[in-house]
Amino acid sequence: MIKLNGLEVSKKLREALKQSIATWANENNRPPGLSVILVGEDPASQVYVAHKEKACAQVGIQSEVIKMSGVSTFTEIEARINKLNESPNVDGILVQLPLPKHLDQRKILELISPKKDPDGLTMENIGLFYGGIHRVKSCTPNGVMEILKHYEINVEGKTAVVIGRSQIVGLPMFNLLQQAGATVTLCHSKTKNLQEHTTKADIVVAAAGQPEFLGRNDFKKDAVVIDVGIHRKEVAGKNKLVGDVKYSELDGHVKAATPVPGGVGPMTITMLLQNTFDLACSE
Ligand code: NDP
């Protein structure tokens, strides 16, 4: 079985990106800029934001984290985003999700200028994405497509099953695979007999958010398995990351699979960096 090493692919892409950013920064007398708004003190969000800051520094993107109180009002956040929309040094604005419950996520996301939306979550960018005119591509699904491309796994004419239909993973994954010429089935919690679908597919993308719920018998021989799921599991007193798939069962049966950790995870931030740079270039 080929291990689809997202960490390696990510390193390679970040190295290339670093070079392009250095040239761009020279020509434009400034680095590309990403501002991240963090509302509240959700521990997981703090970790994700720290990872994003570190990754930005690695490739030469100037990042700033704007920490706002968990009781911030819509109007306060609106004022911050408006300033960033107008700043010539900011190319990307990211609102870390989830937001505290009193805030309307959709309304907040719509405050971001679509030209500064590296997550591609404004309605304008969602519309462009599904219309096949990509300003930016959704980070995690695009990371999956980059892994497939790196390992020269041809998608055209293949059958694919995507498990999960969320706005950030499942649906855009479906869209990118169909745009690349695959025949795609989208499965979700209401799908009857999931295994009947997965065992027929050349490519399975698991993004159900169910720890290790798929194993060897859920895939046909020589399938390509992409595991988007990330879950913390305690094993012998230690915290371990696992995916939606029992990776250890796959060897000798499927053709290729992404591990967790080190598969899709690192690609998501890499695609965020790429999108931020693309937005800077398109000004
Ligand atoms: P959501 O909870 O938003 O969506 C899960 C989807 O899976 C839903 O569409 C749900 O169906 C479907 N589903 C749930 N259970 C089953 C089941 N038993 N059989 C079939 N379908 C099922 O999750 P996300 O899309 O945000 O994330 C999915 C996973 O990916 C999570 O583990 C998350 O942590 C991870 N993730 C990883 C990223 C990375 O960088 N690697 C980035 C983003 C997420 P229904 O719509 O009917 O409820």
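Here are some notes on the predicted model above, point by point.

1. **The ligand's surroundings.** Let's start with the ligand. How many residues surround the ligand? There are 21 of them, and the closest are R165, S166, H188, S189 and T268. Sorted by class, this shell holds 9 nonpolar, 11 polar and 1 charged residues.

2. **Polar side chains at the ligand.** S166 places a polar side-chain atom 2.5 Å from an oxygen atom of the ligand. For S189, an N or O atom in the side chain is 2.5 Å from an oxygen atom of the ligand. T268 has a polar side-chain atom 2.6 Å from a ligand oxygen. As for cover, the ligand has 930 Å² of accessible area on its own, and the protein covers 70% of that.

3. A pair of aromatic rings is described by the distance of the centres and the angle of the planes. In this model the count comes to 2 aromatic pairs. Take W24 and F277: their ring centres are 6.3 Å apart and their planes stand at 85°, so this pair is edge-to-face. W24 sits in helix α1 (residues 6-28) and F277 in helix α9 (residues 265-281), so the pair ties together parts that are 253 residues apart in sequence. Are these two residues buried or exposed? W24 has a relative accessible area of 9%, so it is buried, and F277 is buried too, at 7%.

4. **An aromatic pair of sequence neighbours.** The other pair to look at is F129 with Y130. Here the ring centres are 5.0 Å apart and the planes again make an angle of 85°, so this pair is edge-to-face as well. F129 is buried, because its relative accessibility is 3%. Y130, on the other hand, has a relative accessible area of 34% and is therefore partly exposed.

5. **Helix α7 and its cover.** Next, click on helix α7, which spans residues 170-179. Which of its residues are buried? They are G170, P172, M173, N175, L176 and L177. The elements covering these buried residues include the helices α5 (123-130) and α6 (139-150), along with the strands β5 (159-163), β6 (183-187) and β7 (203-206). After α7 comes G181, which has a positive phi near 100°.

6. V169 belongs to the loop between β5 and α7. With 11% relative accessibility, under the 20% cut-off, V169 counts as buried. What does V169 contact, leaving aside its neighbours within four places in sequence? The answer is T140, P141, A207 and V228. V169 and N142 are 27 residues apart along the chain, and their C-alpha atoms are separated by 9.5 Å.

7. **Two cis peptide bonds.** Most residues other than glycine have a negative phi, and most peptide bonds are trans. Keep that in mind for this point and the next. L97 and P98 are joined by a cis peptide bond with omega about 0°, and P98 is in the loop between β4 (92-95) and α4 (105-109). The bond from V260 to P261 is also cis, with omega near 0°. You'll find P261 in the loop between β11 (256-257) and α9.

8. N193 is not a glycine, yet its phi is positive, at about 50°. It lies in the loop between β6 and α8 (194-198) and counts as partly exposed, at 45% relative accessibility. A236 is another non-glycine residue with a positive phi, near 50°. Its place is in the loop between β9 (231-235) and β10 (238-242), and with a relative accessible area of 80% A236 is exposed.

9. **Q62 in strand β3.** Finally, find Q62 in strand β3 (residues 62-68). Buried or exposed, which is Q62? Its relative accessible area is 51%, and exposed means over 50%, so Q62 is exposed. Not counting residues up to four places away in sequence, Q62 touches P31, P32, G33 and L34. Q62 and I112 are 50 residues apart in sequence, and from C-alpha to C-alpha they are 18 Å apart in space.

Note on methods:
Residues are numbered from 1 along each chain as its sequence is written. Side-chain values use heavy atoms; hydrogens and water are left out. A residue is near a molecule or strand if one of its heavy atoms lies within 4 Å of it. A polar contact is a pair of N or O atoms within 3.5 Å; within protein, one must be able to donate a hydrogen and the other to accept it, and residues adjacent in sequence count only if both atoms are side-chain atoms. Accessible areas come from the Shrake-Rupley method with a 1.4 Å probe; for residues, only the protein chains shown count as cover. Ala, Val, Leu, Ile, Met, Phe, Trp, Tyr, Cys and Pro count as nonpolar, Asp, Glu, Lys and Arg as charged, and the others, Gly among them, as polar. Rings of Phe, Tyr and Trp (its six-membered ring) pair if their centres lie within 6.5 Å; planes under 30 degrees apart count as stacked, over 60 as edge-to-face and the rest as tilted. Helices (H or I, at least four residues) and strands (E, at least two) are DSSP runs, numbered from the N terminus. Buried means under 20% relative accessible area, exposed over 50%, partly exposed in between (1.4 Å probe, protein chains only). Contact means heavy atoms within 4.5 Å.
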